[in-house]
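Here are some questions and answers for a first look at a protein model. Each answer works its way to a value or a name.

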Amino acid sequence: MHARRRTTVLAASLVAVLAAGPLAAPAFATPAPASAHHANTLDVKALTAALTGLPDQDATAALVRVGGADGTWRGSAGVHDLPSAAPADPDARFRAGSTTKVVTAAAVLRLAAERRIDLNTPVQHYLPGLLGGKFRPITVRQLLNHTSGIPAGDGLGTTFEEVYAHRFDTLPPQQVVVSAAAKGPEFRPGTQQHYLNINYTVLGLLIEKVTGRSYASEATRLVLAPAGMKNTYFPGTDPRIAGPHNRGYQAVKKTDGTTELVDVTEWNQADRFAAGDMISTTADLERLLTSLFRGRIVPRPQLREMFTVPAHIDGATYSAGLQRFAYEGKVYWLKSGGRYGYNALIAGTRNLDRTLVYSVNSTDAKGEGMNPVAQRIAMAALK
(Lines give C-alpha, C1' and ligand atoms only; values in the text may rest on other atoms or scores of the structure.)
Protein backbone atom coordinates (compact mmCIF):
# COMPACT_ATOMS: atom_id res chain seq x y z
CA MET A 1 0.00 0.00 0.00
CA HIS A 2 1.37 3.44 -0.87
CA ALA A 3 2.42 5.54 2.12
CA ARG A 4 -0.16 8.27 1.50
CA ARG A 5 -3.01 5.77 1.09
CA ARG A 6 -1.80 3.88 4.19
CA THR A 7 -1.81 7.04 6.29
CA THR A 8 -5.29 7.99 5.12
CA VAL A 9 -6.72 4.57 5.91
CA LEU A 10 -5.16 4.45 9.37
CA ALA A 11 -6.37 7.94 10.18
CA ALA A 12 -9.90 7.12 9.08
CA SER A 13 -9.88 3.87 11.07
CA LEU A 14 -8.65 5.54 14.22
CA VAL A 15 -11.22 8.30 13.95
CA ALA A 16 -13.94 5.69 13.68
CA VAL A 17 -12.68 3.85 16.77
CA LEU A 18 -11.66 6.60 19.18
CA ALA A 19 -13.65 9.55 20.53
CA ALA A 20 -12.17 13.02 21.01
CA GLY A 21 -11.98 16.06 18.73
CA PRO A 22 -10.66 19.51 17.79
CA LEU A 23 -12.12 22.94 18.36
CA ALA A 24 -10.60 26.24 17.27
CA ALA A 25 -8.77 28.19 20.00
CA PRO A 26 -6.56 31.30 20.21
CA ALA A 27 -2.78 31.38 20.34
CA PHE A 28 -1.18 29.78 23.37
CA ALA A 29 1.80 30.60 25.53
CA THR A 30 5.29 29.90 24.19
CA PRO A 31 5.54 26.12 23.70
CA ALA A 32 7.63 24.09 26.12
CA PRO A 33 10.21 21.82 24.47
CA ALA A 34 9.44 18.14 23.99
CA SER A 35 11.53 15.59 25.87
CA ALA A 36 12.03 11.91 25.08
CA HIS A 37 14.31 8.87 25.24
CA HIS A 38 14.18 5.82 23.00
CA ALA A 39 15.74 2.58 21.86
CA ASN A 40 15.86 0.21 18.88
CA THR A 41 13.71 0.53 15.76
CA LEU A 42 10.66 2.61 16.63
CA ASP A 43 9.98 5.53 14.31
CA VAL A 44 11.39 8.11 16.69
CA LYS A 45 11.25 10.87 14.09
CA ALA A 46 7.51 10.42 13.60
CA LEU A 47 6.84 10.13 17.32
CA THR A 48 8.83 13.28 18.06
CA ALA A 49 7.09 15.14 15.25
CA ALA A 50 3.71 14.12 16.68
CA LEU A 51 4.46 16.15 19.80
CA THR A 52 6.05 19.12 18.06
CA GLY A 53 4.39 22.51 18.52
CA LEU A 54 2.55 21.88 21.76
CA PRO A 55 0.70 23.63 23.18
CA ASP A 56 -1.48 24.42 20.18
CA GLN A 57 -5.16 24.94 19.45
CA ASP A 58 -5.93 21.24 19.99
CA ALA A 59 -4.00 20.35 23.14
CA THR A 60 -1.96 21.97 25.88
CA ALA A 61 0.14 18.92 26.77
CA ALA A 62 0.78 15.30 25.81
CA LEU A 63 2.48 12.39 27.58
CA VAL A 64 3.35 9.25 25.59
CA ARG A 65 4.77 5.79 26.27
CA VAL A 66 5.38 3.31 23.44
CA GLY A 67 6.72 -0.19 24.05
CA GLY A 68 7.04 -3.67 22.65
CA ALA A 69 9.41 -5.91 20.76
CA ASP A 70 10.99 -2.97 18.90
CA GLY A 71 12.01 -1.13 22.06
CA THR A 72 10.56 1.71 24.08
CA TRP A 73 10.00 5.43 23.64
CA ARG A 74 8.89 8.03 26.15
CA GLY A 75 7.85 11.54 25.20
CA SER A 76 6.28 14.61 26.74
CA ALA A 77 5.50 18.07 25.42
CA GLY A 78 3.43 21.13 26.16
CA VAL A 79 2.87 23.02 29.38
CA HIS A 80 1.87 22.33 32.95
CA ASP A 81 -0.54 25.26 32.78
CA LEU A 82 -1.12 28.18 30.44
CA PRO A 83 -0.43 31.10 32.82
CA SER A 84 3.04 29.88 33.85
CA ALA A 85 3.96 28.06 30.60
CA ALA A 86 6.09 25.72 32.72
CA PRO A 87 6.95 22.45 30.94
CA ALA A 88 4.44 19.64 31.27
CA ASP A 89 5.22 17.10 33.98
CA PRO A 90 5.89 13.75 32.23
CA ASP A 91 4.89 11.84 35.38
CA ALA A 92 1.67 13.80 35.95
CA ARG A 93 -1.60 12.29 37.04
CA PHE A 94 -4.66 12.87 34.84
CA ARG A 95 -8.30 11.89 34.50
CA ALA A 96 -8.19 8.54 32.72
CA GLY A 97 -11.87 8.54 31.73
CA SER A 98 -13.23 5.32 30.28
CA THR A 99 -9.95 3.44 30.59
CA THR A 100 -11.49 2.88 34.04
CA LYS A 101 -13.68 0.26 32.33
CA VAL A 102 -10.63 -1.96 31.82
CA VAL A 103 -10.11 -2.01 35.59
CA THR A 104 -13.81 -2.64 36.24
CA ALA A 105 -13.95 -5.51 33.75
CA ALA A 106 -10.80 -7.04 35.23
CA ALA A 107 -12.26 -6.80 38.74
CA VAL A 108 -15.50 -8.52 37.65
CA LEU A 109 -13.53 -11.28 35.91
CA ARG A 110 -11.38 -11.78 39.02
CA LEU A 111 -14.56 -12.23 41.04
CA ALA A 112 -15.82 -14.64 38.38
CA ALA A 113 -12.63 -16.65 38.76
CA GLU A 114 -13.31 -16.77 42.50
CA ARG A 115 -16.86 -17.99 41.69
CA ARG A 116 -18.41 -15.02 43.42
CA ILE A 117 -19.96 -13.87 40.13
CA ASP A 118 -21.32 -16.02 37.31
CA LEU A 119 -21.07 -14.27 33.94
CA ASN A 120 -24.12 -16.16 32.66
CA THR A 121 -26.33 -15.17 35.59
CA PRO A 122 -28.69 -12.20 35.19
CA VAL A 123 -27.58 -9.11 37.05
CA GLN A 124 -31.13 -8.91 38.40
CA HIS A 125 -30.29 -11.98 40.49
CA TYR A 126 -27.53 -10.06 42.29
CA LEU A 127 -29.28 -6.68 42.34
CA PRO A 128 -33.01 -7.45 42.59
CA GLY A 129 -35.27 -4.50 41.92
CA LEU A 130 -32.53 -2.31 40.45
CA LEU A 131 -33.90 -2.27 36.91
CA GLY A 132 -37.59 -2.96 37.57
CA GLY A 133 -39.98 -5.12 35.60
CA LYS A 134 -39.49 -3.55 32.16
CA PHE A 135 -36.25 -5.42 31.47
CA ARG A 136 -35.68 -9.02 30.43
CA PRO A 137 -32.88 -10.88 32.25
CA ILE A 138 -29.52 -9.26 31.49
CA THR A 139 -26.44 -11.39 32.10
CA VAL A 140 -23.25 -10.04 33.63
CA ARG A 141 -21.47 -10.84 30.36
CA GLN A 142 -23.93 -8.66 28.44
CA LEU A 143 -23.06 -5.74 30.72
CA LEU A 144 -19.36 -6.37 30.14
CA ASN A 145 -19.65 -6.33 26.34
CA HIS A 146 -22.30 -3.57 26.07
CA THR A 147 -25.11 -5.77 24.75
CA SER A 148 -27.47 -5.24 27.71
CA GLY A 149 -29.94 -2.86 26.08
CA ILE A 150 -30.01 -0.58 29.12
CA PRO A 151 -30.23 3.04 27.88
CA ALA A 152 -28.01 5.88 29.03
CA GLY A 153 -28.76 7.42 32.39
CA ASP A 154 -29.36 11.11 32.97
CA GLY A 155 -26.51 13.48 33.75
CA LEU A 156 -26.26 17.01 35.08
CA GLY A 157 -26.85 18.61 31.70
CA THR A 158 -26.53 18.06 27.97
CA THR A 159 -24.20 20.94 27.00
CA PHE A 160 -20.78 21.90 28.31
CA GLU A 161 -22.20 25.08 29.82
CA GLU A 162 -24.85 23.11 31.73
CA VAL A 163 -22.54 20.46 33.14
CA TYR A 164 -19.81 23.01 33.90
CA ALA A 165 -22.26 24.94 36.08
CA HIS A 166 -22.81 21.72 38.08
CA ARG A 167 -19.19 20.53 38.10
CA PHE A 168 -18.99 20.49 41.92
CA ASP A 169 -22.36 18.78 42.42
CA THR A 170 -22.63 15.09 43.31
CA LEU A 171 -24.77 12.81 41.17
CA PRO A 172 -24.79 9.35 42.82
CA PRO A 173 -24.37 6.39 40.44
CA GLN A 174 -27.50 4.77 41.90
CA GLN A 175 -29.49 7.79 40.72
CA VAL A 176 -27.99 7.47 37.24
CA VAL A 177 -29.14 3.84 37.08
CA VAL A 178 -32.63 4.71 38.32
CA SER A 179 -32.99 7.31 35.55
CA ALA A 180 -31.84 4.77 32.94
CA ALA A 181 -34.19 2.05 34.19
CA ALA A 182 -37.15 4.43 34.07
CA LYS A 183 -36.73 4.74 30.29
CA GLY A 184 -37.14 1.03 29.65
CA PRO A 185 -34.95 -1.17 27.43
CA GLU A 186 -33.34 0.17 24.27
CA PHE A 187 -33.24 -3.31 22.69
CA ARG A 188 -33.53 -6.96 23.67
CA PRO A 189 -30.41 -8.09 25.60
CA GLY A 190 -27.79 -9.75 23.42
CA THR A 191 -29.19 -8.59 20.07
CA GLN A 192 -27.20 -5.38 19.57
CA GLN A 193 -24.08 -3.70 20.90
CA HIS A 194 -24.27 -0.11 22.14
CA TYR A 195 -21.31 1.26 24.07
CA LEU A 196 -22.64 3.14 27.10
CA ASN A 197 -21.31 4.05 30.54
CA ILE A 198 -24.45 2.70 32.20
CA ASN A 199 -23.28 -0.91 31.73
CA TYR A 200 -20.20 -0.30 33.84
CA THR A 201 -22.06 1.81 36.36
CA VAL A 202 -24.22 -1.25 37.04
CA LEU A 203 -21.10 -3.44 37.17
CA GLY A 204 -19.65 -1.14 39.83
CA LEU A 205 -22.79 -1.61 41.92
CA LEU A 206 -22.54 -5.36 41.34
CA ILE A 207 -18.97 -5.42 42.66
CA GLU A 208 -20.09 -3.58 45.77
CA LYS A 209 -23.04 -5.92 46.32
CA VAL A 210 -21.14 -9.22 46.08
CA THR A 211 -18.12 -8.05 48.09
CA GLY A 212 -19.80 -5.81 50.66
CA ARG A 213 -17.08 -3.21 50.09
CA SER A 214 -16.74 -0.05 48.01
CA TYR A 215 -15.95 -0.22 44.31
CA ALA A 216 -12.77 1.81 44.87
CA SER A 217 -11.42 -0.54 47.55
CA GLU A 218 -12.21 -3.67 45.56
CA ALA A 219 -10.83 -2.32 42.27
CA THR A 220 -7.65 -1.40 44.13
CA ARG A 221 -7.38 -4.82 45.80
CA LEU A 222 -8.19 -6.87 42.74
CA VAL A 223 -6.49 -4.87 39.98
CA LEU A 224 -4.47 -1.78 40.94
CA ALA A 225 -2.37 -3.45 43.63
CA PRO A 226 -1.50 -6.60 41.61
CA ALA A 227 -0.53 -4.39 38.65
CA GLY A 228 1.65 -2.11 40.81
CA MET A 229 -0.43 0.97 39.99
CA LYS A 230 0.65 3.01 43.01
CA ASN A 231 -0.21 6.39 41.50
CA THR A 232 -3.75 5.49 40.48
CA TYR A 233 -6.86 6.11 42.56
CA PHE A 234 -10.58 6.87 42.46
CA PRO A 235 -11.42 10.41 43.68
CA GLY A 236 -15.14 9.87 44.26
CA THR A 237 -16.71 13.22 45.16
CA ASP A 238 -13.36 15.05 45.50
CA PRO A 239 -13.12 17.42 42.51
CA ARG A 240 -9.35 17.78 42.76
CA ILE A 241 -6.53 15.74 41.24
CA ALA A 242 -4.20 14.81 44.08
CA GLY A 243 -0.47 15.03 43.46
CA PRO A 244 1.41 16.39 40.43
CA HIS A 245 -0.83 17.04 37.42
CA ASN A 246 -1.04 19.20 34.32
CA ARG A 247 -4.04 21.52 34.08
CA GLY A 248 -6.90 20.66 31.73
CA TYR A 249 -8.74 23.18 29.53
CA GLN A 250 -11.88 23.25 27.40
CA ALA A 251 -12.21 25.56 24.41
CA VAL A 252 -15.53 27.43 24.57
CA LYS A 253 -17.05 29.69 21.94
CA LYS A 254 -18.09 33.09 23.32
CA THR A 255 -21.08 35.11 22.13
CA ASP A 256 -18.78 37.49 20.24
CA GLY A 257 -17.46 34.60 18.15
CA THR A 258 -14.09 34.32 19.88
CA THR A 259 -12.89 31.25 21.76
CA GLU A 260 -11.67 31.12 25.32
CA LEU A 261 -9.99 28.31 27.23
CA VAL A 262 -11.75 27.42 30.47
CA ASP A 263 -9.80 25.59 33.19
CA VAL A 264 -11.70 22.35 33.86
CA THR A 265 -9.16 20.61 36.08
CA GLU A 266 -11.35 20.54 39.19
CA TRP A 267 -14.52 18.51 38.62
CA ASN A 268 -16.61 16.13 40.73
CA GLN A 269 -16.74 12.94 38.64
CA ALA A 270 -18.73 10.79 41.09
CA ASP A 271 -21.40 9.96 38.51
CA ARG A 272 -18.71 8.40 36.27
CA PHE A 273 -18.01 5.84 39.02
CA ALA A 274 -16.86 2.44 37.69
CA ALA A 275 -17.27 3.70 34.12
CA GLY A 276 -14.81 6.59 34.19
CA ASP A 277 -13.81 8.01 37.59
CA MET A 278 -10.17 6.87 37.68
CA ILE A 279 -7.12 9.14 37.97
CA SER A 280 -3.86 7.60 36.78
CA THR A 281 -0.48 8.12 35.09
CA THR A 282 0.89 6.85 31.79
CA ALA A 283 3.35 4.61 33.66
CA ASP A 284 0.54 3.04 35.68
CA LEU A 285 -1.67 2.51 32.62
CA GLU A 286 1.25 0.83 30.89
CA ARG A 287 1.60 -1.45 33.94
CA LEU A 288 -2.10 -2.26 33.70
CA LEU A 289 -1.84 -3.09 30.01
CA THR A 290 1.21 -5.35 30.28
CA SER A 291 0.21 -7.07 33.52
CA LEU A 292 -3.29 -7.74 32.24
CA PHE A 293 -2.26 -9.09 28.83
CA ARG A 294 0.33 -11.37 30.47
CA GLY A 295 -2.33 -12.96 32.66
CA ARG A 296 -0.98 -11.59 35.93
CA ILE A 297 -4.27 -10.00 37.04
CA VAL A 298 -7.09 -12.08 35.55
CA PRO A 299 -6.70 -15.88 35.27
CA ARG A 300 -6.42 -16.97 31.65
CA PRO A 301 -9.81 -18.76 31.40
CA GLN A 302 -11.58 -15.51 32.38
CA LEU A 303 -9.06 -13.33 30.52
CA ARG A 304 -10.39 -14.74 27.24
CA GLU A 305 -13.50 -12.61 27.80
CA MET A 306 -11.38 -9.48 27.29
CA PHE A 307 -10.34 -10.69 23.83
CA THR A 308 -13.71 -12.01 22.69
CA VAL A 309 -16.12 -9.85 20.68
CA PRO A 310 -19.72 -11.10 20.29
CA ALA A 311 -19.57 -12.98 17.00
CA HIS A 312 -23.32 -13.00 16.42
CA ILE A 313 -23.69 -9.20 16.36
CA ASP A 314 -22.80 -7.44 13.11
CA GLY A 315 -20.31 -4.64 13.57
CA ALA A 316 -19.52 -5.47 17.19
CA THR A 317 -16.04 -4.36 18.30
CA TYR A 318 -16.27 -4.32 22.11
CA SER A 319 -15.27 -7.18 24.38
CA ALA A 320 -15.16 -7.17 28.18
CA GLY A 321 -13.47 -3.83 28.87
CA LEU A 322 -11.60 -3.50 25.58
CA GLN A 323 -12.19 -2.74 21.91
CA ARG A 324 -10.85 -4.63 18.91
CA PHE A 325 -9.11 -2.60 16.20
CA ALA A 326 -7.71 -4.39 13.13
CA TYR A 327 -5.24 -2.73 10.80
CA GLU A 328 -3.10 -4.26 8.02
CA GLY A 329 -3.02 -7.74 9.45
CA LYS A 330 -2.51 -6.66 13.06
CA VAL A 331 -5.14 -6.63 15.76
CA TYR A 332 -4.88 -4.09 18.57
CA TRP A 333 -6.92 -4.24 21.76
CA LEU A 334 -7.51 -0.80 23.17
CA LYS A 335 -9.55 1.47 25.38
CA SER A 336 -9.83 5.22 25.09
CA GLY A 337 -11.17 7.66 27.63
CA GLY A 338 -12.19 11.30 27.74
CA ARG A 339 -13.13 13.72 30.50
CA TYR A 340 -13.18 17.48 29.98
CA GLY A 341 -9.55 18.58 29.63
CA TYR A 342 -8.13 15.06 29.31
CA ASN A 343 -7.99 12.24 26.75
CA ALA A 344 -6.28 8.92 27.44
CA LEU A 345 -5.61 5.67 25.58
CA ILE A 346 -4.15 2.25 26.24
CA ALA A 347 -3.57 -0.05 23.26
CA GLY A 348 -1.58 -3.14 22.47
CA THR A 349 -1.33 -6.26 20.37
CA ARG A 350 -2.34 -9.41 22.22
CA ASN A 351 1.30 -10.54 22.43
CA LEU A 352 2.48 -7.05 23.45
CA ASP A 353 4.69 -6.69 20.36
CA ARG A 354 3.54 -3.08 20.31
CA THR A 355 1.94 -1.04 23.09
CA LEU A 356 0.83 2.57 23.30
CA VAL A 357 -0.29 4.67 26.24
CA TYR A 358 -0.95 8.37 26.05
CA SER A 359 -2.54 11.24 27.90
CA VAL A 360 -3.44 14.29 25.81
CA ASN A 361 -4.72 17.46 27.46
CA SER A 362 -7.25 18.05 24.70
CA THR A 363 -9.07 21.36 24.42
CA ASP A 364 -12.19 19.50 23.29
CA ALA A 365 -11.86 16.13 24.99
CA LYS A 366 -15.56 15.29 24.66
CA GLY A 367 -15.96 16.46 21.08
CA GLU A 368 -16.76 14.42 17.98
CA GLY A 369 -13.98 12.65 16.11
CA MET A 370 -10.40 12.17 17.24
CA ASN A 371 -8.15 14.86 18.64
CA PRO A 372 -5.50 15.76 16.00
CA VAL A 373 -2.61 15.45 18.47
CA ALA A 374 -3.84 12.04 19.64
CA GLN A 375 -4.26 10.99 16.02
CA ARG A 376 -0.68 11.99 15.18
CA ILE A 377 0.60 10.01 18.17
CA ALA A 378 -1.40 6.89 17.28
CA MET A 379 -0.36 7.01 13.62
CA ALA A 380 3.29 7.33 14.57
CA ALA A 381 3.14 4.57 17.18
CA LEU A 382 1.08 1.95 15.30
CA LYS A 383 2.49 2.15 11.80
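A residue is called buried when its relative accessible area is under 20% and exposed when that area is over 50%, with partly exposed in between. The model discussed here is predicted.

Q: Is Tyr 358 buried or exposed?
A: Tyr 358 belongs to strand β11, residues 354–362. Its relative accessible area is 3%. Buried means under 20%, so Tyr 358 is buried.

Q: How far apart in space are Tyr 358 and Ala 96, C-alpha to C-alpha?
A: Along the sequence, Tyr 358 and Ala 96 are 262 residues apart. In space, their C-alpha atoms are separated by 9.8 Å.

Q: How many residues of strand β10 are buried?
A: Strand β10 covers residues 342–349. Tyr 342, Ala 344, Ile 346 and Gly 348 point one way from the strand, and Asn 343, Leu 345, Ala 347 and Thr 349 point the other way. Residues of both groups are buried, and the count for β10 is eight of eight.

Q: Which residue of β10 is the bridge partner of Tyr 332?
A: Strand β9, residues 330–339, pairs with β10 in the antiparallel sense over eight bridges. Two residues lie between these strands in a hairpin, and Gly 341 in the turn has a positive phi of about 95°. In β10, the partner of Tyr 332 is Thr 349.

Q: Which residue in β6 does Val 252 stand opposite?
A: Strand β5 (residues 249–253) has four of its five residues buried. It is joined to strand β6 (residues 259–263) by five bridges, and the two run antiparallel. They form a hairpin with five residues between them, where Gly 257 in the turn has a positive phi of about 95°. The residue opposite Val 252 is Glu 260.

Q: What is the separation of the C-alpha atoms of Leu 109 and Leu 222?
A: Leu 109 lies in helix α3, residues 100–113, and counts as buried because its relative accessibility is 0%. Leaving out residues up to four places away in sequence, Leu 109 touches Leu 119, Leu 144, Val 298, Gln 302, Glu 305, Met 306 and Ala 320. Leu 222 is 113 residues from Leu 109 along the chain, and the C-alpha separation is 9.7 Å.

Q: Which side chain does a polar contact of 2.6 Å join to that of Asp 284?
A: Asp 284 is placed in helix α11, residues 282–293, and is buried because its relative accessibility is 0%. Beyond its neighbours within four places in sequence, it is in contact with Gly 228, Met 229, Lys 230, Asn 231 and Thr 232. The 2.6 Å polar contact joins the side chain of Asp 284 to that of Arg 287.

Q: How many residues in the lining of the second largest pocket are nonpolar?
A: This pocket has a volume of about 150 Å³. Its lining includes Pro 172, Pro 173, Tyr 215, Phe 234 and Phe 273. Two lining residues are polar and two are charged, while the number of nonpolar ones is eight.

Key. Residues are numbered from 1 along each chain as its sequence is written. This is a predicted model: local features need pLDDT of at least 70, side-chain atom pairs count only at pLDDT 80 or more; totals for chains, interfaces and linings use all residues. Side-chain values use heavy atoms; hydrogens and water are left out. On a 1 Å grid over the protein atoms alone, a cavity is a set of points where a 1.4 Å probe fits but cannot get out, and a pocket is an open set with protein on both sides within 12 Å along at least five of seven lines; lining residues have an atom within 4 Å of a point. Grid points are joined across faces, edges and corners, and a volume is the space filled by probe spheres set on the points. Ala, Val, Leu, Ile, Met, Phe, Trp, Tyr, Cys and Pro count as nonpolar, Asp, Glu, Lys and Arg as charged, and the others, Gly among them, as polar. Buried means under 20% relative accessible area, exposed over 50%, partly exposed in between (1.4 Å probe, protein chains only). A polar contact is a pair of N or O atoms within 3.5 Å; within protein, one must be able to donate a hydrogen and the other to accept it, and residues adjacent in sequence count only if both atoms are side-chain atoms. Contact means heavy atoms within 4.5 Å. Two strands pair if DSSP finds at least two bridges between them.
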